[in-house]
Amino acid sequence: MANTAKLKEILEQYTAPAAAELTASHPSGKIRCLACAHRCLIGAGMSGVCKVRFHDGQTLRVPHGYVAGLNVDPIEKKPFFHLLPGSDALSFGMLGCNFRCSYCQNWLTSQTLRDPAAMAPIRELSPDEIVALALRHGAQVVTSTYNEPLITTEWAAEVFRLAKTKGLKCTYVSNGFATPEVLSYLAPTLDGMKVDLKSMREENYRRLGGRLEPVLETIRLLHEKRIWVEVVTLLVPGFNDSPDELREIVNFLVGISPDIPWHVTAFHPDYQMTDTPPTTARQLLAAANLAREEGLRYVYAGNLPGRVGDFENTRCPQCKTVLVHRYGFTVLENQLGESGSCPNCGFEVAGIWA
């Protein structure tokens, strides 16, 4: 616990006042945080559920001025398959999360200040330095990821505002537990968001520390605001893999737009969920085939390269031509130009291609 206290003290030095758009005053003197759907009412000296947004007695302080993760990744790793395929993304992240998923693969950064074993070094960095690194490495995208970016939105938006002036695309890799207020705040600088739709069962979301409806509303709002959205469901055996539940996920997405890409990805034992067996290729294929049968146009199966047949590729929904041929995170061939039109039949494939 001593290490946690020390880390808390360090992180409090890397903060700035919250954006006015993401706070609301309260008659009690507490401050309502609007960065995520917990909408925490935070008293002086206290923090929100995320542990990193806190009331210092006068204002809400939020993370600023550092990174805990920084790397250049293929955009397919996020995963975005319909946003500049084959490009690189400068990925940065901070510490903390508003969920407590027992199978989290980034728990060393996400569960900071909640789990004493969750420790990750931080590095002081400015938005100028982050964007300069992206340009130096030829990245076309900057992505806030590794922890939950909604709880560090002010910092991401500062980076994104500068990135946009350099012609870069800006994206979030998020659990989608957002508010309309935070999506409106992000809309001027956010090109795309990958949303984890972890389950269609309220009880499952409660186990993870959230609620289902705000995530569904986030997907609806992103589509309405014309922010590109791709949805991922990590298929966890015995948790969210029943055909009935998967069909509900797919029907929900089709009801918004059959053009929303859905990635069903393989679970592997991690963090506090080590007794659950890993997802098999057969299970991924069953889910992906179900999604195609229910009307989704762009369905992908991930984390098992070379074992999921055609579900790594992007096909034209009309003439079935393979437009983007992939192996894992690698694009082997891309026939889509900046228009996103199929060269064989002219069908316009949904996405960001230019």
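Predicted model: local features only at pLDDT ≥ 70, side-chain atom pairs only at ≥ 80, totals over all residues.

Student: Which residues of H3 and H4 meet?
Tutor: Pro127, Asp128, Ile130 and Val131 of H3 meet Trp155, Glu158, Val159, Leu162 and Ala163 of H4. By class, this contact has 7 nonpolar, no polar and 2 charged residues.

Student: What makes H7 and H8 roughly parallel to each other?
Tutor: Helix H7 (residues 212-224) packs on helix H8 (residues 243-256) at an angle of about 25°. The cut-off for roughly parallel is under 35 degrees, and H7 and H8 are therefore roughly parallel. Their axes are 10 Å apart.

Student: Which residues make the contact of H7 with H8?
Tutor: On H7 they are Leu216, Ile219, Arg220 and His223, and on H8 they are Phe252, Leu253 and Ile256. They divide into 5 nonpolar, 1 polar and 1 charged. H7 passes H8 in a right-handed crossing.

Student: What is the label for H8 and H9, and what makes it so?
Tutor: The axes of H8 and helix H9 (residues 281-293) cross at roughly 45° and come within 10 Å. That makes H8 oblique to H9. The crossing of H8 past H9 is right-handed.

Student: Which residues of H8 and H9 meet, and how do they divide by class?
Tutor: Pro243, Leu246, Arg247 and Val250 in H8 meet Ala287, Leu290 and Ala291 in H9. The division is 6 nonpolar, no polar and 1 charged.

Student: Turning to strands, why do S2 and S4 count as edges of their sheet?
Tutor: The order in this open sheet of 3 strands is S2-S3-S4, with antiparallel pairing. Strand S2 (23-25) and strand S4 (41-42) each have a single partner strand, so one side of each is left without a neighbour in the sheet.

Student: How do you know that S3 and S4 pair?
Tutor: Two strands pair if there are at least two bridges between them. Strand S3 (residues 31-33) and S4 have 2 bridges, in the antiparallel sense. Arg32 stands opposite Leu41 in S4.

Student: What do S18 and S19 form?
Tutor: They form a hairpin with 2 residues between them. Strand S18 (residues 322-327) and strand S19 (residues 330-334) run antiparallel and are joined by 4 bridges, against a requirement of at least two. Arg326 has Val331 in S19 as its bridge partner. In the turn, Gly328 has a positive phi of about 60°.

Student: What makes the phi of Lys51 worth a remark?
Tutor: Most residues other than glycine have a negative phi. Phi of Lys51 is near 80°, a positive value in a residue other than glycine. Lys51 is in the loop between S4 and strand S5 (54-55).

Student: How do you know that the bond from Lys78 to Pro79 is cis?
Tutor: Its omega is near -5°. Most peptide bonds are trans. Pro79 lies in the loop between strand S8 (69-74) and strand S9 (88-93).

Student: Where does the name "Radical SAM core" come from, and which residues does it cover?
Tutor: It comes from a UniProt domain annotation in an unreviewed entry, covering residues 82-297. Over residues 82-297 the chain is 38% helix and 17% strand. The end C-alpha atoms of that stretch are 12 Å apart.

Conventions:
Residues numbered from 1 in each chain as written. Heavy atoms only, no water. Axes fitted to C-alpha atoms, helices over the stretch in contact; angles between N-to-C directions. Parallel < 35°, antiparallel > 145°, perpendicular 65-115°, else oblique. Left-handed = near helix turned anticlockwise from the far one by under 90°. Contact = heavy atoms within 4.5 Å. Nonpolar A, V, L, I, M, F, W, Y, C, P; charged D, E, K, R; others polar. UniProt positions renumbered as here; feature names shortened; annotations may be inferred.
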